[in-house]
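Student: I have a new structure open and would like to learn how to read it. Could you walk me through a few features?

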Amino acid sequence: MNSLINAYQPIAGAYSEMLDPQRAIRPPWQTMLDQLAAYGPEDIEARWQRAQRMIRENGVTYNVYDDAQIGSHPWMLDPVPLMIAPDEWEELSAGLIQRMKVLNLALADLYSDQTLLKNNVLPSELLFANPQFLRPCCPIKPPGGSYLTLHAVDLARTPAGKWCVVKDLAQSPPGAGYALENRLVVSRTFPSMYRDCGIQRLAPFFIALRDTLEGLSQAANPHIVVLTPGPHSSSYFEHAYIARYLGYPLVVGNDLTVRGSQVFLKTLSGLKKVDVILRRQADLHCDPLELASDSIQGIPGLIQAAIDGEVAIANALGSGLAETPALLPFFPGLCRALTGEEPLLGTLPTLWCGQEKECKQVLDQIDRWVVKRAFAGPHEKPVFVRTLAPAERAALAEQIKADPDQYIAQENIELSSSPCWQHQQMVPRHTMLRAFTLATANGWMVMPGGLVRTAAQVDSAIVSMESGGGSKDAWVLARGIVEPVTLLSGEDDEEIHLSRSDANLSSRVADNLFWLGRYVQRADMHARILRTILRRLTEEHLPDGSPELAELLRVIAVITGADKKTPSITDPLKQPAETKAFIFSMLYGKTHLGNLYNALTSACNIGATVRERISIDTWRILDRMNNELLSARDEGDLPDALDMLDHLLMPLSAFSGLSSESMTHGYGWRFMDMGFRMERATMSAQVLRELLAQPAAFETPVLDAILEVANSSMTYRSRYQSHVALLPLLDLLICDDTNPRSLAYQLVMVSQHINALSQLTERGLLPEQTLASELVSHIEQCDLAQLVQTDEQGKRAELSRFLAEINEHVLELSNMVTHRYLAHVLVTSRLSSSIGSENWDGVEDEE
Amino acid sequence: MIYHLRHLTSFRYTQPVTFVYNTLHLKPRELPWQKVQSFLLEIEPIPTVQTERLDYFGNTATFFMIQSPHDAMKVLAKSVIEVLPRPPAAQPGIPWDTARRAMRADTTPNGLDAYQYGFASIYAKPMPEARAYVQPSCRPGMTVHAVATELMARINTDFTFDPNATTVATPVTEVLQNRRGVCQDFAHLMIACLRSIGIAARYMSGYIQTLPPPGQPRLAGADASHAWVAVYCPQAGWLELDPTNNQVADEQYITLGWGRDYHDISPAKGVLFGGGTHTVHAQVDMIPETELRPTQQRQQQQ
């Protein structure tokens, strides 16, 4: 007997996936459980902690729609896979393939001749009252008649042990990417268990997906993109993940444009024709000209391009129709009418209330049912009638009676239960399986595995990520020996390097990378100044009470713009409460636009939108920085804050090093580094100007602080071995182009980037190239001795002017670059003529 | 009656526009009672792409895009059209309260085509307010066409034509409340009312000939785009009713096409990049051939 299952009690009344009614382990589970038991509870727990950290650091998230505040949730994965025997899987696969075939034929018919309506196979209301039936899509003839390239089905197992369909996901089936990530995490966490169980690999399915997408185009080397609604969509992580795994650019609607009747990607080097779109955006939002005209995410003219056959879209525009919940009860009829076969895979008993007899049946015993919208969008929630109060039940019944076409009712079955790992033991949870089928050029293929979802509590039947449930990997046992296959260097290796030339980089991504660089550097500068301040406040420093403290506090107030709002602190050591409050507002304040919190959260938000473009390690660093700041309690003490900054500065320093190591030095990296350098140049110039323009009576502590902020104390000491003096300091921080913190160094780098980018335009010498190189020589050749002279008011006016000029020129460079490469984003508006009244101003939209 | 039709739509932008994507429904539909003798579409600036296709409802849709910067755009549709009297209903209609059931059972191509106009669309959804408004006209035994004709007359009496009261976006509920609007609003209201009691109705887009006051000459550009309603009764077929003028559509009406509502058949809709704000000006001349002056006749024939 396996030690892990001694205390395991399956849910009464539900089919138990792991144990048979006599508590014997079902055969496909045996090896896996033996292996798991061999690890032992402590080791499982330890490995699982590690796996969860990996999930969090990889940024595997799921955005919950209802709650914009909560935002993205970490992906919940359970270590115990759902085991499936090969015979059972083959039977299930045959049913899934048949289902996809039938739905594809149904789409082809409903978007053309509609014989299904004429022959009374389907009630015509299912089409005419259906917002997913998109009439403008009728003329589109998808390549090979393939409306559905990828199809997913949510399956439940009845108490009798039969798999049946609960729901179809036809327009851009989510979950395949999560299933792959689950596989990678579980296989890495329990390598021997994964190896010894002999399960079927997922990689061939994704290889086939890639081949299929390429086959949708006639082009020899088709350009394929993944279209996402953006970082706010519930499964954005997956869109980015799939894009990176398959090696396609991830784009939003605004990155694409229709010219002529072809679709193009707007890139740094101009427009690049797109041949195939893997669509993860709802079809209704794909073309504001023909579909939902209030959509801002769409690509005007896309439908025309699809009609003209200039672009293939998978799944086809309009295929959302196949996931209409009200179609479920009609599937057997569709199957017989379209293939002449009996359905191989059952459907969970479902009634459409638009039929009189069925509606009566639902209303007669309403608490038996789970009520759903007949033409639901993807995020409609099912209503478990038996959980409703009597008054709510009556209200629901009235709603159904008033508009019966709009409702379906599904039988409320006891979902099967599978074991989940919790508190070092296995506990049962209700379970559903999402399976994926692919229509390849040579036939259909089912992903051997899938995305398993489990309920959050033992008594909960609601199985979804939205309601806090978890996920699992599904392991389908192989017959015979398993050959390793992968798109990557090895299945156990998830690292993916950006190896492709990125002249095709979309302008939007380049813009985001530029700002990512700027925000990371801004955060770095803030953290260094604040750390310099905190060290002086918390460590025994100078007996005279650190005269530079007030100056440093003023600098941070100036660069964040806080100096205009709050009175400055003139004597920090005598105003400890005010000082602490001010420092904490600079660290954690959520409403201060220029502060550290703001710079870091901006960096992380932007990082999330370009995460398929930065390496996983770089992403982890961003995530770690965010966590350092979030986990710090803002009621802590000053030494705690200092501690936090020490922790924060490590990943911040690692960021630039790592990104230059692990990102290919293509245009994307150049934009990021250029943002980084420009920010560092302007911030440094500003700090120097603020601290040196008006020399203090005793300047040495200020100069020490400057060296500390600029992280150049060590360099200075090794070079001069003396007390710090102004001229050598300025030489090190302004003119010395071998010091990676100097102004000269930043501008040399910016100049290099600008020169490299100029190859994109083929227009000869560009004005920003001239400006950048002039700026470099201006700095390298400046006469420092002259600059540090004080005027009759005792001010260093020359130095001040010089630094201000540098700042202005860097801003000018930034504007020039932005204007040349990134000014693709255009404002759209709608055009409309009106009837009856002669004129109107076009500022109003149609809707 | 033969008409020479000229429909000019001018768009002016406050800032240059770089790209325009547009779908037009400006080609009059060929019908048993309407013969399109000639049709010409002129667009300025010249579009990069211009294609014609039949839309789902059988109307001609023209897609075009312009790729060069411009600050004004003109769309001119010219046609010569013969309109004949519409044929009378072949059979008497059926009572309004049996129509839904009869339509549901009719899965012939014609029956299916008509049935789709009984469902909610963007601008004309069945709703309790519309149902309450139509209720007094729904008496036992009345045919679909009788109910619709009475509804048309009531809308015509109860509502004031007021071009300043509404925009393209004004919802039916607001029109019902304020009792003012233009032909498009009255058509949407009437369709919503009919759909609320299970009757299929479609939105007709086209033109109506305006007659100058007796003794006065026709003014250039005085005619207008127009919208009215067609209502379906099993057995009797479609009847075209104009709530704005309280009359059955006759040879004074040129049909461009139809859809579930304005959204399906708007004469021009588009997306443009840049442009700031824009103004639209439409000018329609619908001149009976008998009234053409000789010079005009020559021009039109060129």
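This is a predicted model: local features need pLDDT of at least 70, side-chain atom pairs count only at pLDDT 80 or more; totals for chains, interfaces and linings use all residues.

Student: Which residues have the most contacts inside the largest nonpolar core?

Tutor: A nonpolar core is built from buried residues such as Leu, Val and Met, joined through C-beta atoms within 7 Å. Here the largest one has 215 residues, and those with the most contacts inside it are A:Trp475, B:Leu189, B:Met190, B:Ala201, B:Val229 and B:Val231. Helix α3 of chain A, residues 86-110, gives the most to this core, with ten residues.

Student: What does B:Leu189 touch, leaving aside residues up to four places away in sequence?

Tutor: Its partners are B:Ala130, B:Ile155, B:Val172, B:Val175 and B:Leu176. There is also a second, separate core of 102 residues, which includes A:Leu505, A:Val520, A:Ala599 and A:Met663.

Student: How do I check the length of a helix, say α15 of chain A?

Tutor: Multiply 1.5 Å by one less than the number of residues. Helix α15 of chain A (residues 548-560) has 13 residues, so it should span 18 Å; the end C-alpha atoms are 19 Å apart, which agrees.

Student: Which residues of α15(A) are buried, and what do they pack against?

Tutor: Buried means that 20 or more other C-beta atoms lie within 10 Å. In α15(A) that holds for A:Glu548, A:Leu549, A:Leu552, A:Leu553, A:Val555, A:Ile556, A:Ala557, A:Ile559 and A:Thr560. The buried residues pack against four helices of chain A: α14 (507-538), α16 (576-588), α20 (667-692) and α21 (700-709). After α15(A) comes A:Gly561, with a positive phi near 80°.

Student: Where can I find cis peptide bonds?

Tutor: One runs from A:Ala314 to A:Asn315, with omega near -10°; A:Asn315 is in the loop between β12 (312-314) and α11 (331-339) of chain A. Another joins B:Glu44 to B:Pro45, with omega near -5°, and B:Pro45 lies between β2 (34-44) and β3 (49-54) of chain B, in a loop.

Methods: Residues are numbered from 1 along each chain as its sequence is written. Chains are lettered from A and ligands numbered from 1 in the order in which they are written. A residue is buried if 20 or more other C-beta atoms lie within 10 Å of its own, exposed if 12 or fewer, and partly exposed in between; C-beta atoms are placed from the backbone. Helices (H or I, at least four residues) and strands (E, at least two) are DSSP runs, numbered from the N terminus. Two residues are in contact if their C-beta atoms, placed from the backbone, lie within 7 Å.
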